[in-house]
Amino acid sequence: MKSNNILKLLLLIFLFVGQISIAQIKIGAKVGYSDGRINDNSDNIYAQEYDSSSGVDFGITAEFPVNDLFSIQTEIIYTERGGERKGLQPIPSYSLSGLGSVDQLNYLLQLQGKPPVTDEDPLYADFSNIAELNYLEIPILAKLGWGETWRFYAEAGVYFGFLVKSTNITEGESIIYLDAEASDPLYVANPNYDPGDPNSGPLWVPLPPQEFDAETDTKNDLNTWNVGFHAGAGLIRKLAEKHEIYIGFRGSYSFNTVQKDKTFGESHIGGLVFNLGYAYTL
């Protein structure tokens, strides 16, 4: 029974491939502008309020026509995704190394009669946070096209992405707060405090503003593989019998979330890409 199913599958593949003329296969290259986006519907404090960030999108393509209307296109694309968040936002515990260990910080808070810092109840500061996610993607798209010299096309399909690089870039200087309303600053011991000198000031004083300029490799914190959906459209201009150029746009959205630890969000990546490309018919 299994053998019959395999034979049927092979026959279907043979019939499909038989519709493709090797002489009609198109190979090409494309480059574009990527308007990346991070979306999170979980109301997670770490993943909210990210705006779009720009990047590049480029790679090679191969299109396999089945008939004048329909073709299959696959690509190998390097693309930049991500987002930017500005303003008051939580500081993950792994970013607190400049303040000593979390245990030391929590001991300091305990002496002040304040609750400990955790990933669920973190510190806050006002700074800029840019998440840059670079993927190698392999889309497999169904493509429909109409026209001759000028040809309109629409495409849709799935893609498989491999995370090449992930970086968080933070910038700015800010007071550190214990709450999301910026009403309770972090206090530290006064280095000039002298219990015998009333002019030495209080025992606890606010921590001075801290710099947040840093680049952090976050690749190990994210899922290596990403699967999603592409859909787009564009216009092709035939230059000669075997040469054509095209301009198009494409939207994408990932099915799976990017974070390994759901404490820091359940974000999906996506965005819009505007491409300019060239194709040559073999």
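**Close-up 1. Arg250 and its salt-bridge partner Glu155 in the predicted model.** Arg250 is buried in this predicted model, its relative accessible area being 7%, and because buried residues are those under 20% relative accessible area, Glu155 also counts as buried, at 7% relative accessibility. The two side chains form a salt bridge in which the closest N and O atoms are 2.7 Å apart.

**Close-up 2. Glu75 and Lys30, joined by a salt bridge.** The side chains of Glu75 and Lys30 meet at 3.3 Å, counted from N to O, and both of these residues are buried. Glu75 sits in strand 3 (residues 70–91) and Lys30 in strand 1 (residues 26–39), which places the partners 45 residues apart and makes the pair a link between distant parts of the chain. Through salt bridges that share partners, Lys30 and Glu75 are joined with Glu155 and Arg250 of the previous view into one network.

**Close-up 3. A salt bridge between two loops, made by Lys114 and Asp184.** In this pair the closest N and O atoms are 3.3 Å apart. Lys114 is found in the loop between helix 2 (102–111) and strand 4 (123–147), whereas Asp184 is found in the loop between strand 6 (173–174) and strand 7 (187–189), and the two residues, 70 residues apart, link distant parts of the chain. A search of the whole structure finds 7 salt bridges, among them the one shown here.

**Close-up 4. A nonpolar patch on the surface.** The residues that form this patch are Ile60, Ile76, Leu136, Ile138, Ile140, Val158, Phe160, Phe162, Val164, Trp225, Phe229 and Phe255, and together they have about 1,100 Å² of accessible area. Strand 4, strand 5 and strand 11 (225–238) each supply at least two residues of the patch, and strand 5 gives the most, with 4 residues. Ile138, one of the patch residues, is found in strand 4, and its relative accessibility of 40% means that Ile138 counts as partly exposed.

Technical notes: Residues numbered from 1 in each chain as written. Predicted model: local features only at pLDDT ≥ 70, side-chain atom pairs only at ≥ 80, totals over all residues. Heavy atoms only, no water. Salt bridge = Lys/Arg side-chain N within 4 Å of Asp/Glu carboxyl O. Buried < 20%, exposed > 50% of the residue type's maximum accessible area, 1.4 Å probe, protein only. Patch = residues over 30% accessible without salt bridge, like charges linked within 9 Å, V, L, I, M, F, W, Y side chains within 5 Å. Areas by Shrake-Rupley, 256 points an atom, 1.4 Å probe, with all protein chains shown as cover.
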